[in-house]
Amino acid sequence: MKRIIKLIFKTTLWLILLSIIWVIIYKFVSVPYTPLMAIRSINSNSSYETKHEWKPIVEISKNLQLAVICSEDQNFQSHRGFDLEALKEAYEENKEGKRTRGASTISQQTAKNVFLWQGRTWLRKGLEVWFTFLIETLWTKERILEVYLNSIEMGNGIFGAEAAANYWFNSSAKNLSRTQAATIAAILPNPRKYKANPSSQFINSRTNWIKRQMQNYGKFKLK
């Protein structure tokens with residue numbers, strides 16, 4: 001029994017060490033591929049193609065940077081990975097039987113997309129908390145946003161800002177207009193269902209809401 005406990009302890013320590021090293025590497029190195037990209041590819045037919053091209057944050061439109069913050073996580077700059085107020089609001093709405101909503105921050109989504117798999121198991125959620133803590137501790141907010149914008153799913157087989165800009169608007173991530181950026185941000189809740197161009201009435205409505213939020217959030221300073 002002692003040997004088993006010792007083995008478990010050593011294995012846990014090694015896994016913790018390896019996860020820290022992994023996060024440190026991605027602090028400096030572009031993320032070439034993610035678990036979600038692999039899962040989508042495995043579960044799709046032979047015609048499926050992953051479109052992804054890494055771009056540094058200085059080559060991603062500030063319109064898109066602001067749009068995803070306004071759409072997904074307006075407290076991104078101030079929280080430490082977890083938005084407790086949003087979690088409380090989501091809990092109250094779900095308890096009242098309203099439409100189920102999540103409260104994942106950009107940091108949590110980045111941790112899940114880059115290091116983990118999709119799912120709602122306690123193990124996956126626990127690992128998401130751990131990796132969120134690590135990236136918030138070891139990366140800057142700018143790096144978190146950069147990795148997020150390069151790894152998030154933005155269409156069926158479309159990953160990252162550059163691929164999304166090219167696919168939806170025949171543009172580059174650097175040249176996305178305010179409306180184009182807001183439209184891409186609008187499809188993020190379900191990028192395999194919604195289309196940014198041509199967009200539905202729901203996406204048009206959501207795009208307009210995001211643009212208003214961007215206007216109201218004008219004091220936000222992007223580097």
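Tyr 167 is partly exposed in this predicted model, because its relative accessible area of 45% falls between the limits of 20% and 50%. Trp 168, by contrast, counts as buried, because its relative accessibility is 8%. The rings of Tyr 167 and Trp 168 have their centres 4.8 Å apart and their planes at 80°, so the pair is edge-to-face. A search of the whole structure finds nine aromatic pairs. Elsewhere, Trp 22, Tyr 26, Phe 115, Phe 131 and Trp 139 form one aromatic cluster.

The largest nonpolar core has 50 residues, and Leu 64, Phe 115 and Leu 145 are the members that touch the most others. Two or more residues of this core come from each of H1, helix H3 (62–72), helix H5 (106–115), helix H6 (122–138), helix H7 (141–151), helix H8 (161–169), helix H9 (178–186) and helix H10 (201–216). In soluble globular proteins, nonpolar side chains tend to be buried together. For Leu 64, the contacts beyond four places in sequence are Leu 149, Ala 161, Leu 176, Ala 181 and Ile 184.

The loop between H8 and H9 contains Ser 171 and Ala 173. Ser 171 is buried because its relative accessible area, 18%, is under 20%. Apart from neighbours within four places in sequence, Ser 171 is in contact with Ala 165, Asn 166 and Leu 176. Ala 173 likewise counts as buried, because its relative accessibility is 0%. Once residues up to four places away in sequence are set aside, Ala 173 touches Glu 59, Ile 60, Ser 61, Ala 161, Glu 162 and Ala 165. Ala 173 and Asn 63 are separated by 110 residues in sequence, yet their C-alpha atoms are 9.6 Å apart in space.

Nonpolar side chains are also found on the surface. Trp 14, Leu 15, Leu 17, Leu 18, Ile 21, Ile 24, Ile 25, Phe 28 and Val 29 form a nonpolar patch there, and together they have about 900 Å² of accessible area. Leu 17, one of these residues, lies in helix H1 (residues 2–28). Leu 17 counts as partly exposed because its relative accessibility is 39%.

Charged side chains are the remaining topic. The count of salt bridges comes to eleven. In one of them, Glu 146 is paired with Arg 143, and the closest N and O atoms are 2.6 Å apart. Both residues lie in helix H7, three residues apart, about one turn of the helix. Glu 146 counts as buried because its relative accessibility is 11%, and Arg 143 counts as buried because its value is 10%.

Helix H6 holds Lys 125 and Glu 128, again three residues apart, about one turn of the helix. Their salt bridge has its closest N and O atoms 3.6 Å apart. Here the two partners fall into separate classes: Lys 125 is partly exposed at 31% relative accessibility, whereas Glu 128 is buried, with a relative accessible area of 2%. A further salt bridge joins the side chains of Lys 55 and Glu 53 at 3.5 Å, N to O. Lys 55 counts as buried at 18% relative accessibility, while Glu 53 is partly exposed, with a relative accessible area of 40%. Finally, Arg 40, Glu 153 and Arg 192 are linked in a network of salt bridges.

Key: Residues are numbered from 1 along each chain as its sequence is written. This is a predicted model: local features need pLDDT of at least 70, side-chain atom pairs count only at pLDDT 80 or more; totals for chains, interfaces and linings use all residues. Side-chain values use heavy atoms; hydrogens and water are left out. Patches are made of residues with over 30% relative accessible area and no salt bridge: like charges are joined within 9 Å, nonpolar side chains (Val, Leu, Ile, Met, Phe, Trp, Tyr) within 5 Å. Accessible areas come from the Shrake-Rupley method with a 1.4 Å probe; for residues, only the protein chains shown count as cover. A salt bridge is a side-chain nitrogen of Lys or Arg within 4 Å of a carboxyl oxygen of Asp or Glu. Helices (H or I, at least four residues) and strands (E, at least two) are DSSP runs, numbered from the N terminus. Buried means under 20% relative accessible area, exposed over 50%, partly exposed in between (1.4 Å probe, protein chains only). A nonpolar core is a set of buried Ala, Val, Leu, Ile, Met, Phe, Trp, Tyr and Cys residues joined through side-chain atoms within 4.5 Å. Contact means heavy atoms within 4.5 Å. Rings of Phe, Tyr and Trp (its six-membered ring) pair if their centres lie within 6.5 Å; planes under 30 degrees apart count as stacked, over 60 as edge-to-face and the rest as tilted.
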